[in-house]
Amino acid sequence: MKGLIKKIEKVKPFFEKLSRNIYLRSIKDGFIAGMPVVLFSSIFLLIAFVPNAFGFKWSDKTVELLMKPYNYSMGILGILVAGTTAKALTDSMNRNMGSNNQMNFMSTMLAAMVGFLLLSADPSKDGGFLSSYMGTKGLIAAFLAAFLTVNVYKVCFKNNVTIKMPGEVPPNISKVFKDLIPFSISIVILYGLDILVHNYAGKNVAESISILLAPLFKAADGYLGLTIIFGAYAFFWFIGIHGPSIVEPAIAAVLYTNAEVNLGLMQAGQHADKVITAGTQMFIVTMGGTGATLVVPFIFMWLAKSKRNKVVGRASVVPTFFGVNEPILFGGPLVLNPIFFVPFILAPIVNVWIFKFFVDTLKMNSFTANLPWTTPAPIGMLLGLNFQFLAIILIFVLIVVDVLIYYPFFRIYDQQILEEEIKGKSEESSNLEKKVNANFDTKKAKDVISKKKEVMSDSLINEHVEVLVLCAGGGTSGLLSNALNKAAKEHGVSVNAVADSYGAHRDILKNFDLVVLAPQVASNYEDIKKETDALGIKLVKTEGAEYISLSRDGLASLKFVKESLNK
């Protein structure tokens, strides 16, 4: 097992580079920007269909009224995501463009949205247009429109294929003319593609892509596809890379398309049988966070014989319940710990197998609604599965199975830690600690903690400081930002910390003095450094146990901020 993990660690740099790919990142950031639409629309789904589980049904007219906000929000998600993805990709490419030659993200957004309409909407006999592929069914066409548009702009800007106006013309007017040529070229290319596909396939691009990829979507929904996809989530996190950054963009279209397909099937009185959905990923596979760790803090807290593991369990229960499991991942540790390699990969896979059994064999309807990822998994399952009775049984089955998977490995680990507590640190423990330290850079945290007893004034900051903490989804970053704000209030220090997700930071970056990258996004350090350097903002990355230690120690986190600013 140790030899296998050593081999896995050797390919870590490759996967880190893959997670930083600007196209995968722009898909993820584009979806994050569009999440308010997804969550807003789901409210009306829940109101319309959850009462069915309790024997109450709205009239057809009421359902129609409730579904109108859904249809005009989630139903046009494709056009919105085309714009947000183009904006995210424009921001990424602008890092490498000259400061006087930046692409206008508003222009690329508009071009991508217009281009997407050409790829997905057809005229109807009634004088309007058919819009069935403007929602989740057209997401891949939305990505295509965004990628092509931004690249056309990039080529035009780099080669000065623009209309230049005299210096006397106001900048806002000049910008319009500068964007005119790339905007026109983008639209003409996308329209030409649509004409070509219509001539050969008789359908628009979005529908043609959907038909072409249908076998792939079906394969992804099978046992083998589910195993590969969701096993990869846990595998990447185990070696210290944020798995969703790599895997989720590749399956984003099918995640959200299937949820809408399930809704249509349920409305038609048919079996909603599409397993791979966003709800499956958030509440079944990553129940309590990547690795299906919801039960792990409870096992540590209630069943551990070692004092250390009990403390780790108690400190990790609350955040893990809301899907923020870094405290147990790095506090256990679970990541890079050979003892937990098998359960960490196996539990998510078994969870999704069980869910598929419930859907395929027991005929339970799959997820139709999308909820915030921070919703506790049992609640997310109940709401997303419309309070079906089988959903209640599923929750208990998954909890029991995950306990059975993790417990034997936990007993081995707990016995090891207990012996260390009795006899002192063993060589084996030291080796594991060195490995975690090497991969997650815990030295800074230890240095900070060792100096905690120094005079308090040495840790305090004499001027106002704005701190931005970034993670992948805005949850983990809240651990440190909350600790900083609480400590600042207690010690009378003028520090204000804000938590946000990487990718959503660009419009607010200029408002901060220090940016702290959480472990999930530490591999993006070199990318964001180009942005912070241009604005004169300090940037620091954290790794593994360092971040968790700081989030638990307010005074240490203040000292960390001060030291980071003085570098």
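Just after helix α11, G269 takes a positive phi of about 80°. This is a predicted model, in which local features need pLDDT of at least 70, side-chain atom pairs count only at pLDDT 80 or more, and totals for chains, interfaces and linings use all residues. Residues are numbered from 1 along each chain as its sequence is written, and side-chain values use heavy atoms, with hydrogens and water left out.

Let me stay with α11. Helix α11 covers residues 243-267, and its 25 residues should span 36 Å at 1.5 Å a residue. The expected span is 1.5 Å times one less than the number of residues. The end C-alpha atoms of α11 are 34 Å apart, which agrees. Even so, α11 bends by about 60° at I251; the bend at a residue is the angle between axes fitted to the seven residues ending there and the seven starting there.

How many of the 25 residues of α11 are buried? The count is 19, so the helix is largely enclosed by the rest of the structure. Buried here means under 20% relative accessible area, exposed means over 50%, and partly exposed lies in between, with a 1.4 Å probe and protein chains only.

I turn to the chain as a whole. There are 24 helices and 6 strands, and 55% of the 567 residues count as buried. Contact means heavy atoms within 4.5 Å. Among contacts between residues at least 6 apart in sequence, 76% join residues at least 24 apart.

The next helix is α16. Its 20 residues should span 28 Å at 1.5 Å a residue, and its end C-alpha atoms are 29 Å apart, which agrees. A kink of about 25° lies at A347, shortly before the proline P348. In α16, 15 of the 20 residues are buried, so this helix too is largely enclosed by the rest of the structure.

Now the aromatic rings. A pair of aromatic rings is described by the distance of the centres and the angle of the planes. In this model, rings of Phe, Tyr and Trp (its six-membered ring) pair if their centres lie within 6.5 Å; planes under 30 degrees apart count as stacked, over 60 as edge-to-face and the rest as tilted. The structure holds 21 aromatic pairs.

Why is the pair of F54 and F387 tilted? The ring centres are 5.4 Å apart and the planes stand at 50°, so the pair falls in that class. This pair links distant parts of the chain, 333 residues apart: F54 is in the loop between α3 (22-49) and α4 (60-71), while F387 is in the loop between α17 (377-384) and α18 (389-423). F54 is exposed, with a relative accessible area of 60%, whereas F387 is partly exposed at 29%.

Another tilted pair is formed by F355 and F367, with 5.5 Å centre to centre and 45° between the planes. F355 lies in helix α16 (residues 341-360) and F367 in the loop between α16 and α17, so the pair ties together parts 12 residues apart in sequence. F355 counts as buried at 0% relative accessibility, and F367 counts as buried at 1%. Elsewhere, ring pairs link F300, F340, F410 and Y413 into a cluster.

Charges also meet rings. A charge sits over a ring if NZ of Lys or CZ of Arg is within 6 Å of the ring centre and within 35 degrees of the ring normal. The charged end of K356 sits over the ring of Y223, 5.4 Å from its centre. Likewise, the charged end of K541 sits over the ring of Y525, 5.3 Å from its centre.

How many disulfides does a search of the whole structure find? It finds 0, taking a disulfide as a pair of cysteine sulfur atoms within 2.5 Å. Among the cysteines, C156 counts as buried at 5% relative accessibility, as does C471 at 0%.

I close with two single residues. F321 lies in helix α14 (residues 307-321) and is partly exposed, with a relative accessible area of 32%. Leaving out residues up to four places away in sequence, F321 touches L294, P376 and A377. F321 and G288 are 33 residues apart in sequence and 5.6 Å apart in space, C-alpha to C-alpha.

T108, in helix α6 (residues 105-120), counts as buried at 0% relative accessibility. Beyond its neighbours within four places in sequence, T108 is in contact with A86, T90, T149, V150 and Y153.

Conventions. Helix = DSSP H or I, 4+ residues; strand = E, 2+ residues; numbered from the N terminus.
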